[in-house]
Structure formats: structure tokens, C-alpha cells
Amino acid sequence: LMTQFLFLIIDLLIAMAFIAAPWLILAQLNFQWPDWLQDGIVIILVFVIWAGLALYFATQTILWIGLVA
């Protein structure tokens, strides 16, 4: 039971890294964003789609590493 909880924590950390990494990289870029991209709803949609993909990638990473009880 404790190992499954530990694997869940590791999976969440990997998912957070997959979610945060592109946003941290994009925040470091200093250029003018297009006007359509400055709209809040576009950013929210992109973030939600990327969060779903990041959770999938994190789960695949956990399976690839072999951290499955």
C-alpha cells in the first residue's frame, strides 16, 4: 500500500514537471506574442490540452520506468 502511494507521488511530480517545463521555457522567451494569443481563453485552452497530454506522458513515463506495483 505504501509503495503505491509513493508511486502516485512520483507520478504527480513527473506530471507537474511535464506541465511546467514548456511554460517556464516560454516565460523566458522575450518576444512579442501575437494578438490572438494574448486572449485569455486561448491560453486556458492550450493549458488544459497540454495538461491532459502531460498526464498521459507522465503515466507512460511511470510505465516505462517500471514503477508499477
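**Close-ups of a predicted model**

View 1. L12 has a relative accessible area of 42%. That value falls between 20% and 50%, so L12 counts as partly exposed. The model shown here is predicted. L12 sits in helix 1, which covers residues 2-28. Which residue lies 43 residues from L12 in sequence but 8.3 Å away in space? It is L55, with the separation taken from C-alpha to C-alpha.

**View 2. A nonpolar patch lies on the surface.** L12 belongs to this patch. Members of a patch need over 30% relative accessible area. L12, at 42%, is above that cut-off.

**View 3. Helix 1 and helix 2 cross.** Helix 2 covers residues 40-65. The crossing is right-handed.

**View 4. I19 is buried in helix 1.** Helix 1 also holds I19. Is I19 buried or exposed? The relative accessible area of I19 is 18%. Buried means under 20%, so I19 is buried. I19 and I49 are 30 residues apart along the chain. Their C-alpha atoms are separated by 10 Å.

**View 5. I43 is partly exposed in helix 2.** I43 is part of helix 2. Its relative accessible area is 34%. This lies between the 20% and 50% limits, so I43 is partly exposed. What separates I43 from W33? Along the chain, the two are 10 residues apart. Between their C-alpha atoms, the separation is 12 Å.

Terms used:
Residues numbered from 1 in each chain as written. Predicted model: local features only at pLDDT ≥ 70, side-chain atom pairs only at ≥ 80, totals over all residues. Heavy atoms only, no water. Patch = residues over 30% accessible without salt bridge, like charges linked within 9 Å, V, L, I, M, F, W, Y side chains within 5 Å. Areas by Shrake-Rupley, 256 points an atom, 1.4 Å probe, with all protein chains shown as cover. Salt bridge = Lys/Arg side-chain N within 4 Å of Asp/Glu carboxyl O. Helix = DSSP H or I, 4+ residues; strand = E, 2+ residues; numbered from the N terminus. Buried < 20%, exposed > 50% of the residue type's maximum accessible area, 1.4 Å probe, protein only. Axes fitted to C-alpha atoms, helices over the stretch in contact; angles between N-to-C directions. Left-handed = near helix turned anticlockwise from the far one by under 90°.
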